[in-house]
Amino acid sequence: DAGVTQSPTHLIKTRGQHVTLRCSPISGHKSVSWYQQVLGQGPQFIFQYYEKEERGRGNFPDRFSARQFPNYSSELNVNALLLGDSALYLCASSRTEMNTEAFFGQGTRLTVV
Amino acid sequence: GDSVTQMEGPVTLSEEAFLTINCTYTATGYPSLFWYVQYPGEGLQLLLKATKADDKGSNKGFEATYRKETTSFHLEKGSVQVSDSAVYFCALISMNSGYSTLTFGKGTMLLVSP
């Protein structure tokens, strides 16, 4: 079975641009969560989606948005990119919204220049 | 809010040495606790977990015991290998209204030399 897949693996953007990151959860998993991992730090929670609805949001500005599709895949969008948005963005999938066990993808490395 | 504190690294050991990485937490109630491992250039892999007090999680020679008296979940391994070199994250589940989140420590880098 395929694990959590994220695309792209790396990308470079310029300040002010927007970016879309994609995630496909494990088959049968209905919850997707997004985390931001800045270099040298632990991951920080951004969003959780379950059954196509936003269930939780971390302390991130409105420039960050996400959505979940009927097939449970998800997109994370970031507008008006800042240098500080440079990070590894991780997607985690779990069976339910109360994700007692989360499985992570390889992440998308975003560099903002 | 909930938080996790783990020892700063890097931890540098020789192969076959004993490993301890300390982790303490602050949380409401008794959350499930986890250790994740991140190899260079990769995402997070679940290493082990414990869901209630006095539970011992174990995997690949690593183990950690959920100690509610000391709010700790220290990671141990009796004999490390070069291939164990990675960053280790302690984490807990925070249960909110209608959803849950993982709260991570800052990570501890382990470097094992031959």
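**Exercise 1. Disulfide in chain A**

Are Cys23(A) and Cys91(A) buried or exposed? Characterise the link between the two residues as well.

Solution. The model is predicted.
- Step 1: Cys23(A) and Cys91(A) are both buried; the cut-off for this class is under 20% relative accessible area.
- Step 2: the sulfur atoms of Cys23(A) and Cys91(A) are 1.8 Å apart, and the two residues form a disulfide. The cut-off for a disulfide is a sulfur pair within 2.5 Å.
- Step 3: the disulfide is left-handed because the torsion about the S-S bond of Cys23(A) and Cys91(A) is about -60 degrees.
- Step 4: Cys23(A) belongs to strand S3 (residues 19-24) of chain A and Cys91(A) to strand S9 (residues 87-94) of chain A, so the link ties together parts that lie 68 residues apart in sequence.

**Exercise 2. Disulfide in chain B**

Describe the disulfide that joins Cys23(B) to Cys90(B), and give the count over all chains.

Solution.
- Step 1: from S to S, the link of Cys23(B) and Cys90(B) spans 1.9 Å.
- Step 2: the angle about its S-S bond is -70 degrees, and the link of Cys23(B) and Cys90(B) is left-handed.
- Step 3: distant parts of the chain are linked, with Cys23(B) in strand S4 (residues 23-26) of chain B and Cys90(B) in strand S10 of chain B, 67 residues apart.
- Step 4: Cys23(B) and Cys90(B) are both buried.
- Step 5: the count over all chains comes to two disulfides.

**Exercise 3. Backbone exceptions**

Most residues other than glycine have a negative phi, and most peptide bonds are trans. Locate departures from this pattern in both chains.

Solution.
- Step 1, cis bond in chain A: Ser7(A) and Pro8(A) are joined by a cis peptide bond with omega about -10 degrees. Pro8(A) sits in the loop between strand S1 (5-7) and strand S2 (10-13) of chain A.
- Step 2, cis bond in chain B: the peptide bond from Gly9(B) to Pro10(B) is cis, with omega about 0 degrees. The loop that holds Pro10(B) runs between strand S1 (3-6) and strand S2 (11-14) of chain B.
- Step 3, positive phi in chain A: Glu51(A), a residue other than glycine, has phi near 50 degrees. Its place is the loop between strand S5 (44-50) and strand S6 (53-57) of chain A. Glu51(A) counts as partly exposed because its relative accessibility is 28%.
- Step 4, positive phi in chain B: Lys60(B) is not a glycine, yet its phi is about 55 degrees. Lys60(B) lies in the loop between strand S7 (56-59) and strand S8 (62-65) of chain B. With 55% relative accessibility, Lys60(B) counts as exposed.

**Exercise 4. Interface of chains A and B**

How many residues of chain B are in contact with chain A, and what does the side of chain B consist of?

Solution.
- Step 1: 20 residues of chain B contact 22 residues of chain A.
- Step 2: the two chains bury about 1,700 Å² between them, with 54% of that area on carbon and sulfur atoms. In chain B, Leu44(B), Tyr99(B) and Ser100(B) lose the most area to chain A, together 26% of what that side buries.
- Step 3: one salt bridge is found across the interface. Lys49(B) forms a salt bridge with Glu101(A), with the closest N and O atoms 2.9 Å apart.
- Step 4: four residue pairs are in polar contact across the interface.
- Step 5: strands S5 (33-38), S6 (44-50), S10 (86-95) and S11 (100-104) of chain B each supply at least two residues of the side that touches chain A. S11(B) gives the most, with four residues.
- Step 6: by class, the side of chain B has ten nonpolar, seven polar and three charged residues.

Note on methods
Residues are numbered from 1 along each chain as its sequence is written. Chains are lettered from A and ligands numbered from 1 in the order in which they are written. This is a predicted model: local features need pLDDT of at least 70, side-chain atom pairs count only at pLDDT 80 or more; totals for chains, interfaces and linings use all residues. Side-chain values use heavy atoms; hydrogens and water are left out. Buried means under 20% relative accessible area, exposed over 50%, partly exposed in between (1.4 Å probe, protein chains only). Contact means heavy atoms within 4.5 Å. Buried area is the accessible area (1.4 Å probe) that two parts lose on being put together, summed over both. A salt bridge is a side-chain nitrogen of Lys or Arg within 4 Å of a carboxyl oxygen of Asp or Glu. A polar contact is a pair of N or O atoms within 3.5 Å; within protein, one must be able to donate a hydrogen and the other to accept it, and residues adjacent in sequence count only if both atoms are side-chain atoms. Ala, Val, Leu, Ile, Met, Phe, Trp, Tyr, Cys and Pro count as nonpolar, Asp, Glu, Lys and Arg as charged, and the others, Gly among them, as polar.
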